[in-house]
Amino acid sequence: MSPETDKKTKICPTCGTRLTENATRCLVCGTELTAKAAPPAKKADKPSTLQAGRMPEITLSLPAALGALVVILLIGAIVVYFALRTGITGTTLVDPTAIPTATETPTASPTATEVYTLTPLPSATAQPPFEYTVAAGDTCGGIAFTFGISVQSIIIMNNLDAACTTLRIGQVLQVPYPTPTPLPLPTNTLEPADATKAACATASYTVQENDTLSSISANYNVSMAAIREYNGLPTDAVYLDQTLLIPLCARAPTPGPTPTSTPPPPYPAPNLLLPVDGAAFTLAHDIVTLQWASLGTLRDGEAYQVIIEDVTADQGRKIVEYVTDTKFIIPTTFRPDDTVAHIMRWWVVPVRQTGTDEQGQPIWSPAGAASEKRDFTWVGVAVQSTPAQ
């Protein structure tokens with residue numbers, strides 16, 4: 001640069017920017033400059049040119065500038081959010097879309113069902129009461145019985161007292177005619193299948209423990225299919241305490257199928273349960289109950305023979321009883337009456353009645369094997385202790 005140019009400029013001491021000689025502030029960093037005394041103005045040959053005013057300058061540090069930028073962005077985001085929300089929820093009038101009018105399809109008119117009107121039966125025309133003159137010995141009850149009407153009808157029609165005790169000889173009573181008994185309405189005729197079922201004799205049977213449809217069928221000699229069909233059973237399963245109707249009219253001429261749980265005679269030996277072999281009973285045991293396992297459903301005329309013997313020396317007492325249950329209670333009369341421990345032996349045999357004797361008592365024959373024999377002891381009197389010397 002020429003010397004003349006250097007005299008007309010100056011350098012900012014802060015950022016080194018070259019400025020005009022008359023500048024009082026640095027345009028870059030904003031540093032205030034010390035103004036020198038301006039030389040007296042020369043008379044210009046030309047008119048001076050007006051210079052436009054300068055906008056005020058704001059100087060911010062870097063952290064302040066970043067904070068301001070964050071605030072501006074946050075305000076802009078809020079404005080955009082509310083603008084979108086207003087656009088979504090704002091009420092805007094929209095012309096409704098024309099909905100096509102549904103055309104009704106004519107439906108076929110249902111054909112009127114012919115209704116049969118029952119012809120009313122002719123009702124009996126009430127006849128007027130007739131007169132009756134009370135004779136000696138007449139009572140309201142006797143008059144009512146004679147004409148087949150109720151005593152109450154005579155009392156009401158003649159305005160008599162409730163006990164009808166004011167009758168007198170020669171009194172004329174109004175006696176109503178008896179009301180005819182209406183005939184019963186005709187009943188529908190049963191279908192052939194229902195008529196056959198109604199005419200069939202039945203026997204009610206309650207299912208017991210260990211029963212099966214096969215054993216029940218064999219017991220009544222009625223096929224399983226007939227029992228199942230008559231009772232509406234879906235399967236051959238039966239349940240304890242279930243009540244079945246056995247159609248006796250469907251009884252087969254030959255015995256039905258052999259039941260599975262009840263083998264045909266000869267029966268196997270019964271299995272004894274209680275008391276165990278060698279059990280001991282004292283005076284405290286007034287009752288002794290014998291129990292054994294069931295062989296299934298016994299047929300008519302079959303039973304269990306229970307034998308009890310007192311095998312103690314010089315005794316020879318014995319009980320023989322016939323029961324259809326699987327237990328037997330020894331009577332208290334069979335209990336020993338001394339202080340000796342008596343040995344009791346017992347066993348069970350399945351039997352079948354084969355006839356009757358001259359006294360009409362059944363004759364029993366073995367229908368299977370006898371059970372094993374078991375023993376137990378029974379003391380009937382308390383043993384007296386010997387006093388100490």
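Predicted model: local features only at pLDDT ≥ 70, side-chain atom pairs only at ≥ 80, totals over all residues.
Local features required a pLDDT of at least 70 and side-chain atom pairs a pLDDT of 80 or more, whereas totals for chains, interfaces and linings use all residues. Residues are numbered from 1 along each chain as its sequence is written, and side-chain values use heavy atoms, with hydrogens and water left out.

Helices and strands are DSSP runs numbered from the N terminus (helices: H or I, at least four residues; strands: E, at least two). Helix H6 (residues 213-220) is mostly covered, since six of its eight residues are buried; buried means under 20% relative accessible area, exposed over 50%, and partly exposed in between (1.4 Å probe, protein chains only). The buried residues are Leu 213, Ser 214, Ser 215, Ile 216, Ser 217 and Tyr 220. Their cover includes strand S5 (202-206), helix H7 (224-231) and strand S6 (243-247). Just after H6, Asn 221 adopts a positive phi of about 60 degrees.

In H7, Ala 226, Ile 227 and Tyr 230 are buried. Seen down the axis of H7, these residues fall within an arc of 100 degrees, so they line one face of the helix; the arc is that of the directions from the helix axis to the C-beta atoms. An α-helix has 3.6 residues a turn, so residues three or four places apart point the same way. Gly 232, which follows H7, has a positive phi near 65 degrees.

Strands pair if DSSP finds at least two bridges between them. S9 runs antiparallel to strand S7 (residues 272-274), to which two bridges join it, and Leu 274 has Gln 291 as its bridge partner. Four bridges join S9 to strand S12 (residues 327-330), also in an antiparallel arrangement; here Thr 289 is partnered by Ile 329.

A nonpolar core is a set of buried Ala, Val, Leu, Ile, Met, Phe, Trp, Tyr and Cys residues joined through side-chain atoms within 4.5 Å. The largest such core has 23 residues, of which Leu 290, Trp 292, Ile 308, Phe 328, Ile 330 and Phe 376 touch the most other members. Among the strands that each supply at least two residues of this core are S9, strand S10 (302-310), S12 and strand S15 (374-378). Apart from it lies another core, of 13 residues, among them Ala 203, Tyr 205, Ala 226 and Leu 244.

Aromatic rings were also examined. Rings of Phe, Tyr and Trp (its six-membered ring) pair if their centres lie within 6.5 Å; planes under 30 degrees apart count as stacked, over 60 as edge-to-face and the rest as tilted. The structure holds seven aromatic pairs. In one of them, the rings of Trp 292 and Tyr 304 have centres 5.8 Å apart and planes at 65 degrees, so the pair is edge-to-face. Trp 292 lies in strand S9 and Tyr 304 in strand S10, so the pair ties together parts that are twelve residues apart in sequence. Both residues, Trp 292 and Tyr 304, are buried. Phe 130, Tyr 132 and Phe 147 form one aromatic cluster.

Methods: Contact = heavy atoms within 4.5 Å.
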